[in-house]
Amino acid sequence: MRALTVSAHGGLEQLQVVADLRIPALDSPTSVRVRMHAVALNHLDLFVLRGLPGMSLSPNWVVCADGAGVVDAVGEAVQTFAPGDRVMINPGISDRTCSFCLAGEQSLCENFRLLGEQLPGTAAELVVVPAANLRIVPPAVSWEHAAAFSLATLTAWRVVVTRARLQPGETMLIWGIGGGVAIAALQIAKRIGARVWVTSGSDAKLAGARELGADETFNHRTGDVVRDIRERTGRRGVHVVLDDVGEATWERSLRVLGRGGRLVTCGATSGPMVQTDVRKLFWHQWTIMGSTMGNDRELDAVVQALGEGALIVLRLRDD
């Protein structure tokens, strides 16, 4: 079996295609083997390549978290899928037995793992995953869009709907429009009926965001986002901030957050260490929360929205 692998941390030069990997067998009655048709690249995959704290690679480690393909074989207990079904993969694997899983919160599983990080990834001809981590690809959705959908959109849904509890008429600021989570969050927030403000260092990406419904756009490279937002809100600030950038934007995220506001983070692309003035935290009664991936109900919701055409898979480019 062929796969895209790494055997040591580093840059893209560490990637190599190997052709002699063992074909994975079904490892439980509830497992499904998928013949992959498309695989997507996420920031997570680049972080894994460079190296994450506490992570060590075994030789010929298969990369990538997201993907879609056709069911090749099913375990004896699987009744929801059959060979030939077009499926997309949710890369967050939970044990289905801990107290969080039994309460329906699979992404809080005590043994939660991600394909491509703690488990071999999807960039292989054949991949075995639990049946619970698959969903049928809606008929009109291409392989490429199905492959790029799950991780980013599921993460965005949980951020906006479950964690931030964004309400119609509220204002949400999204840093760094252009990537998968940010674009999905923009679409979900507009679907709720909120006002969505976004930032980017690219005017072309900001123009694309306006086409997707962004109400206000800010170039954080050429302008002063904090000053502009405080002016436009009469110094009241916004209700919700989505910050998956981390070190580079954290202080500004708090400065534009209104009283009683909610800041949600699901990433740290610029660095993981941030500082917060705890006096402002309690005085303004902010809520700061983390979020990652999502549960089964949230996955069902985003796949339904994809099939209805309410969400599109898109990455904004500079030109």
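**View 1. Met293 sits in a loop of this predicted model.** You'll find Met293 in the loop between β16 (287-290) and α10 (296-307). Its phi is near 50 degrees, which is a positive value in a residue other than glycine. Why is that worth a close-up? Most residues other than glycine have a negative phi. Is Met293 buried or exposed? Met293 counts as buried, because its relative accessibility is 2% and the cut-off for buried is under 20%.

**View 2. Asn60 is another residue with a positive phi.** Asn60 isn't a glycine, yet its phi is about 55 degrees. Look for Asn60 in the loop between α1 (43-50) and β4. With a relative accessibility of 29%, Asn60 counts as partly exposed.

**View 3. Here's the second largest pocket.** Rolling a probe the size of a water molecule over the atoms shows where empty space is left. The volume of the second largest pocket comes to about 690 Å³. How many residues line the second largest pocket? There are 30 of them, and Pro24, Asp27, Leu119, Pro120 and Val128 lie nearest its centre. Sort the lining by residue type and you get 16 nonpolar, nine polar and five charged residues.

**View 4. Trp197 and Phe218 form an aromatic pair.** The count of aromatic pairs in this model comes to one. The pair is made by Trp197 and Phe218, whose rings are 5.8 Å apart, centre to centre, with 55 degrees between the planes, so the pair counts as tilted. The two partners come from distant parts of the chain: Trp197 belongs to strand β12 and Phe218 to strand β13 (residues 216-219), 21 residues apart. Both Trp197 and Phe218 are buried.

View 5. At 0% relative accessibility, Ala68 counts as buried. Who are its contacts? Leaving out residues up to four places away in sequence, Ala68 touches Met36, His37, Ala38, Val87, Met88, Trp143, Ala146 and Ala147. Asp203 is another story: the C-alpha atoms of Ala68 and Asp203 are separated by 32 Å, and the two residues are 135 apart along the chain. While you're here, check out Trp143, one of the residues Ala68 touches. The charged end of Arg86 sits over the ring of Trp143, 4.5 Å from the ring's centre.

**View 6. Thr153 is a buried residue in a helix.** The helix is α4, which takes in residues 150-163. Thr153 has a relative accessibility of 6%, so it counts as buried. Which residues does Thr153 contact, leaving aside its neighbours within four places in sequence? They are Ala184, Ile188, Val302 and Leu311.

**View 7. Gly193 lies in a loop between a helix and a strand.** The helix is α5 (180-192) and the strand is β12 (195-200). Gly193 has a relative accessible area of 41%, so it's partly exposed. Setting aside neighbours within four places in sequence, Gly193 is in contact with Pro168 and Gly169. How far apart in space are Gly193 and Glu170? They're 8.1 Å apart, C-alpha to C-alpha, and 23 residues apart in sequence.

Terms used:
Residues are numbered from 1 along each chain as its sequence is written. This is a predicted model: local features need pLDDT of at least 70, side-chain atom pairs count only at pLDDT 80 or more; totals for chains, interfaces and linings use all residues. Side-chain values use heavy atoms; hydrogens and water are left out. On a 1 Å grid over the protein atoms alone, a cavity is a set of points where a 1.4 Å probe fits but cannot get out, and a pocket is an open set with protein on both sides within 12 Å along at least five of seven lines; lining residues have an atom within 4 Å of a point. Grid points are joined across faces, edges and corners, and a volume is the space filled by probe spheres set on the points. Ala, Val, Leu, Ile, Met, Phe, Trp, Tyr, Cys and Pro count as nonpolar, Asp, Glu, Lys and Arg as charged, and the others, Gly among them, as polar. Helices (H or I, at least four residues) and strands (E, at least two) are DSSP runs, numbered from the N terminus. Buried means under 20% relative accessible area, exposed over 50%, partly exposed in between (1.4 Å probe, protein chains only). Contact means heavy atoms within 4.5 Å. Rings of Phe, Tyr and Trp (its six-membered ring) pair if their centres lie within 6.5 Å; planes under 30 degrees apart count as stacked, over 60 as edge-to-face and the rest as tilted. A charge sits over a ring if NZ of Lys or CZ of Arg is within 6 Å of the ring centre and within 35 degrees of the ring normal.
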